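Biologist: I have a structure open and would like to go through it piece by piece. Can you help me read it?

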Protein chains: 2
Amino acid sequence: MISLEHTGVLLLLTLLAVGTLAQTQVLEASVWPWPQNIRVSPNQTFALNPSLFHFQYSAASAVQPGCSVLDEAFVRYLRIIFGTGPWLSPDRPDLKITVKNSLDVLVAVPGCDLFPEMNSLENYTLTLSNQQFVLKSHTVWGALRGLETFSQLIGRSAEGMFYVNCTDIVDFPRFPHRGLLLDTSRHYLPLQTILETLDVMAYNKFNVFHWHIVDDPSFPYESVNFPELSRKGSYDPASHIYTMEDVKTVIEYARLRGIRVLAEFDTPGHTLSWGKGIPGLLTPCYSGSVPSGSYGPVNPILNRTYEFMASFFQEISDVFPDFYLHLGGDEVDFTCWLLNIVSSYRKGYIVWQEVFDNDVKLSPDTVVHVWRETKPVPYAMEMKNITKAGYRVLLSSPWYLNRISYGQDWQKIYSVEPLDFEGSPEQESLVIGGEACMWGEFVDMTNLTPRLWPRAGAVAERLWSSKSVNDTKLAYARLANFRCELLRRGVQAQPLFVGFCEHDFYH
Amino acid sequence: MISLEHTGVLLLLTLLAVGTLAQTQVLEASVWPWPQNIRVSPNQTFALNPSLFHFQYSAASAVQPGCSVLDEAFVRYLRIIFGTGPWLSPDRPDLKITVKNSLDVLVAVPGCDLFPEMNSLENYTLTLSNQQFVLKSHTVWGALRGLETFSQLIGRSAEGMFYVNCTDIVDFPRFPHRGLLLDTSRHYLPLQTILETLDVMAYNKFNVFHWHIVDDPSFPYESVNFPELSRKGSYDPASHIYTMEDVKTVIEYARLRGIRVLAEFDTPGHTLSWGKGIPGLLTPCYSGSVPSGSYGPVNPILNRTYEFMASFFQEISDVFPDFYLHLGGDEVDFTCWLLNIVSSYRKGYIVWQEVFDNDVKLSPDTVVHVWRETKPVPYAMEMKNITKAGYRVLLSSPWYLNRISYGQDWQKIYSVEPLDFEGSPEQESLVIGGEACMWGEFVDMTNLTPRLWPRAGAVAERLWSSKSVNDTKLAYARLANFRCELLRRGVQAQPLFVGFCEHDFYH
């Protein structure tokens with residue numbers, strides 16, 4: 001037996017073994033976010049031969065070769081796990097270790113070309129034993145989550161041998177909506193930056209990219225029907241826009257990672273950049289009886305405003321396949337007509353909490369997004385009020401990652417409990433998840449990645465893992481280890497505290 | 001005349017024209033840090049032909065071709081100004097613009113192979129007029145500062161033509177010691193990261209790299225005489241150390257940019273990492289009468305401690321050519337014997353303020369480094385006390401850049417006035433400058449650069465420019481412009497606020 005210098009951290013964790021009572025055991029595994037049920041037997045270890053190892057569709061699987069989502073994921077995860085070599089082959093009789101050359105993947109229901117949805121099932125089981133190496137899931141989306149977990153279980157010995165412990169995992173997300181908001185209006189983010197962020201989201205099992213694509217400062221979305229919007233409203237129409245091809249690239253790249261793209265075109269406030277391309281859209285401000293040259297929100301008294309909005313949101317509804325649109329509505333009184341327009345396109349909508357706070361009439365299936373910390377009421381109270389009124393709710397108030405402070409602020413982020421409000425079980429069931437938000441006032445492509453990772457990982461685990469996984473001391477070693485793994489994957493994730501990684505980040 | 005879309009920002013600034021009364025004028029120039037005296041005539045503009053333009057030694061210059069510092073700087077600044085092309089030649093008669101093909105450089109005193117020192121003169125004059133294009137300085141170090149200023153004056157028209165306005169500058173630093181501290185112990189910083197930081201320091205006219213090279217967590221300095229120090233005290237002796245060649249590389253790279261390397265080997269506290277390689281060096285802690293396994297500071301009761309320290313600091317004194325060593329001394333009672341050792345090697349020393357606070361007997365030429373904000377007294381009071389006692393002083397308390405907060409915190413950094421304490425003119429003259437500090441608890445190569453730049457620039461301007469240059473509103477546009485220039489030069493500097501740069505940062 002060769003020495004195995006495990007890179008995984010030694011953790012003492014309370015485990016809920018499947019079908020048994022809770023038990024405490026010393027565990028050699030480091031997975032982020034932590035699975036719902038995991039049992040590891042470090043006494044039984046398997047070696048992987050990197051030149052032979054592969055993922056394969058189980059004969060019983062409802063999806064088979066040709067399934068875009070998994071075909072590409074198999075290639076991606078082989079690269080993530082093994083890199084480019086050269087590798088040490090473990091096929092030496094003297095090692096006396098069982099070598100595994102494949103993981104069987106069994107998906108129960110067909111569907112490879114669809115988009116993930118709010119209610120898509122993401123549960124999976126991963127069994128790594130002498131008898132079987134198998135990943136089972138209902139959907140391809142669950143298989144993606146299982147592949148990510150599998151990739152995090154692989155260790156590498158000092159001699160360069162890849163190995164994995166005997167492991168049994170039954171996993172599923174606590175909340176169906178686990179989002180990350182990026183703001184591409186205050187600063188433009190290049191396409192490549194967005195795609196790299198989608199990769200890291202998948203590593204964290206985030207499943208919603210909330211694209212706050214336009215706002216007051218700039219309008220980078222290149223509209224098919226209203227090209228003047230970005231021609232006049234972007235920072236630079238030659239370099240600082242998202243073409244239709246860019247948008248399609250983002251949507252497909254996200255889909256292949258099981259991530260929904262939730263587009264937000266915030267109205268009727270936060271629309272200064274819209275006014276440049278659509279004369280007359282905004283309400284002119286007056287100084288006495290003379291126009292002052294500045295503008296307020298979208299002008300609600302003109303018929304052509306309605307016509308423009310109807311046409312524009314028709315386009316948006318077509319371009320973005322997700323059932324939901326985020327309609328914004330923050331920081332100004334909102335009106336209900338836009339909600340009606342969007343409903344007519346068979347879309348659901350998410351709105352910022354002001355829309356609820358201002359008593360706008362909402363359809364019962366509206367999702368309300370809570371972002372304010374203390375006003376008009378503390379966010380837990382807001383969650384209570386919204387769910388009491390019967391609406392579904394998303395939480396972001398404590399997860400504004402653009403707000404930075406000195407020290408290990410991930411701990412505060414991690415310690416949030418979304419259901420920590422007074423409410424019935426039915427009310428709790430209306431909390432569909434939350435989002436980490438990275439607003440762009442002080443963030444662009446130069447500092448996005450280190451500011452985002454691994455801090456956003458604290459939100460990811462809160463939304464995926466069991467409510468009981470909430471000890472920051474236990475989480476520290478695992479998150480520090482995950483951050484090192486991110487570096488190994490080429491992600492410029494910042495350190496939690498003093499120390500080093502085996503694979504430090506080099507440009 | 002072709003249109004000149006100036007990228008410089010339009011600034012209304014109070015200028016002290018050389019030999020005239022103060023005057024207010026609209027100025028088209030963006031230089032960071034702002035020169036002591038600058039007069040720009042935007043009505044007269046010269047074009048530069050990038051394929052012909054060059055720097056040349058004036059016939060009257062005391063240094064001539066073969067001068068390493070300037071030979072290399074000439075190459076460097078041509079690359080910085082013009083990039084790699086292709087360029088638009090301005091040699092078209094219809095442009096009716098005067099083309100300049102060279103800048104004469106005239107250095108008054110010889111000396112190209114020396115190291116910059118605390119008292120090296122850095123003053124220069126830059127005259128860009130129809131009659132002459134000339135940069136004059138006493139020393140090569142002043143010429144480096146002038147070349148940097150020249151590079152920041154160059155604009156580029158929309159058509160791609162390089163130009164500069166008629167300009168007259170007389171410039172010199174307000175303080176001789178303008179430092180930046182990097183901490184390579186709490187996290188290791190790769191050599192390349194240090195070299196890149198030295199580049200950006202030169203852009204900001206910083207002239208001291210304070211290398212806090214070792215500390216409790218790790219000992220990355222590879223000692224010639226005591227190789228066990230890094231072999232056992234570094235994070236990884238294969239990858240996380242600075243070899244003698246690395247150290248020499250840093251020193252020479254810094255020298256070529258007019259930057260001193262001030263090495264700090266903090267003693268007798270902050271030495272946990274030393275103890276691994278030198279058994280018996282540290283004071284063992286006891287639990288009752290039994291050693292507890294943990295250690296305190298350097299053990300002062302053993303003769304071999306003195307022998308080791310004398311030998312080790314002899315090496316350090318030889319390896320680092322600067323007259324000064326930083327001996328640390330923070331956070332524990334200090335003893336005077338180390339000061340005597342270092343003095344015997346004909347070195348000056350800088351110590352943290354505790355050494356003064358603890359009434360250690362100091363030689364009159366000691367430099368005291370103020371870092372605490374409020375204890376034992378507010379830092380302005382500490383400055384007063386230290387200068388009253390006749391010691392020279394460096395300020396860092398308000399410039400701990402590792403401490404981050406939300407928003408434009410560069411403004412607070414910028415608003416500090418080092419001489420804002422009660423003291424005589426003689427006491428004020430003992431303030432030799434200050435340092436921006438980037439401690440490494442939460443900083444490594446993944447987030448160093450965006451966290452450092454352009455925030456450290458606020459310190460750079462405070463220490464170089466006139467006391468009267470202190471308006472954050474006026475500074476904003478110029479610093480934002482400088483940050484865009486840093487992006488153009490490939491530096492991952494973070495944004496000040498909402499907006500964009502013509503040359504956004506792409507990996």
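Biologist: Which side chain does Glu148(A) meet in a salt bridge?

Modeller: The partner is the side chain of Arg489(A), with 3.2 Å from N to O. Keep in mind that this is a predicted model.

Biologist: Which residue of chain A meets Asp444(B) in a salt bridge?

Modeller: That is Arg483(A); the two side chains come to 2.6 Å, N to O.

Biologist: Staying with the interface, what area is buried between chain A and chain B?

Modeller: About 3,600 Å² is buried between the two chains, and carbon and sulfur atoms give 60% of that. On the side of chain A, the residues that lose the most area to chain B are Tyr406(A), Phe442(A) and Thr446(A), which together account for 22% of what that side buries.

Biologist: And how many residues of each chain are in contact?

Modeller: 42 residues of chain A are in contact with 42 residues of chain B.

Biologist: New topic. Which strands make up the closed barrel in chain B?

Modeller: The barrel has eight strands, in the order E11-E12-E13-E16-E17-E18-E19-E20 of chain B, and the pairing is parallel. Neighbouring strands of this sheet are turned against each other by 30 degrees on average, direction ignored.

Biologist: Which helix packs on the sheet at strands E11 and E12 of chain B?

Modeller: Helix H3 of chain B, residues 191–203, touches strand E11 (177–183) and strand E12 (208–214) of chain B. The direction of H3(B) makes about 155 degrees with that of E12(B). Another helix, H7 (residues 303–319) of chain B, lies across strand E13 (260–267) and strand E16 (324–328) of chain B, at about 165 degrees to E13(B).

Biologist: What about E14(B) and E15(B), what do they form?

Modeller: They form a hairpin with two residues between them. Strand E14 (residues 282–287) and strand E15 (residues 290–298) of chain B run antiparallel, joined by four bridges. Ser287(B) stands opposite Val290(B). In the turn, Gly288(B) has a positive phi of about 70 degrees.

Biologist: Back to helices. At what angle do the axes of H3(B) and H5(B) cross?

Modeller: They cross at roughly 10 degrees and come within 10 Å, with H5(B) covering residues 244–255. That makes the two helices roughly parallel, because angles under 35 degrees count as such.

Biologist: Which residues of H3(B) and H5(B) make the contact?

Modeller: H3(B) contributes Leu191(B), Ile194(B), Leu195(B), Leu198(B) and Asp199(B), while H5(B) contributes Asp246(B), Thr249(B), Val250(B), Tyr253(B) and Ala254(B). By class, the contact has seven nonpolar residues, one polar and two charged.

Biologist: And in chain A, how far apart are the axes of H3 and H5?

Modeller: The axes of H3(A) and H5(A) are 10 Å apart, and the packing angle is about 10 degrees. H3(A) and H5(A) are therefore roughly parallel to each other.

Terms used: Residues are numbered from 1 along each chain as its sequence is written. Chains are lettered from A and ligands numbered from 1 in the order in which they are written. This is a predicted model: local features need pLDDT of at least 70, side-chain atom pairs count only at pLDDT 80 or more; totals for chains, interfaces and linings use all residues. Side-chain values use heavy atoms; hydrogens and water are left out. Two strands pair if DSSP finds at least two bridges between them. Axes are lines fitted to C-alpha atoms, for helices over the stretch in contact, and angles run from 0 to 180 degrees between N-to-C directions. Contact means heavy atoms within 4.5 Å. Angles under 35 degrees count as roughly parallel, over 145 as roughly antiparallel, 65 to 115 as roughly perpendicular and the rest as oblique. Ala, Val, Leu, Ile, Met, Phe, Trp, Tyr, Cys and Pro count as nonpolar, Asp, Glu, Lys and Arg as charged, and the others, Gly among them, as polar. Buried area is the accessible area (1.4 Å probe) that two parts lose on being put together, summed over both. A salt bridge is a side-chain nitrogen of Lys or Arg within 4 Å of a carboxyl oxygen of Asp or Glu.
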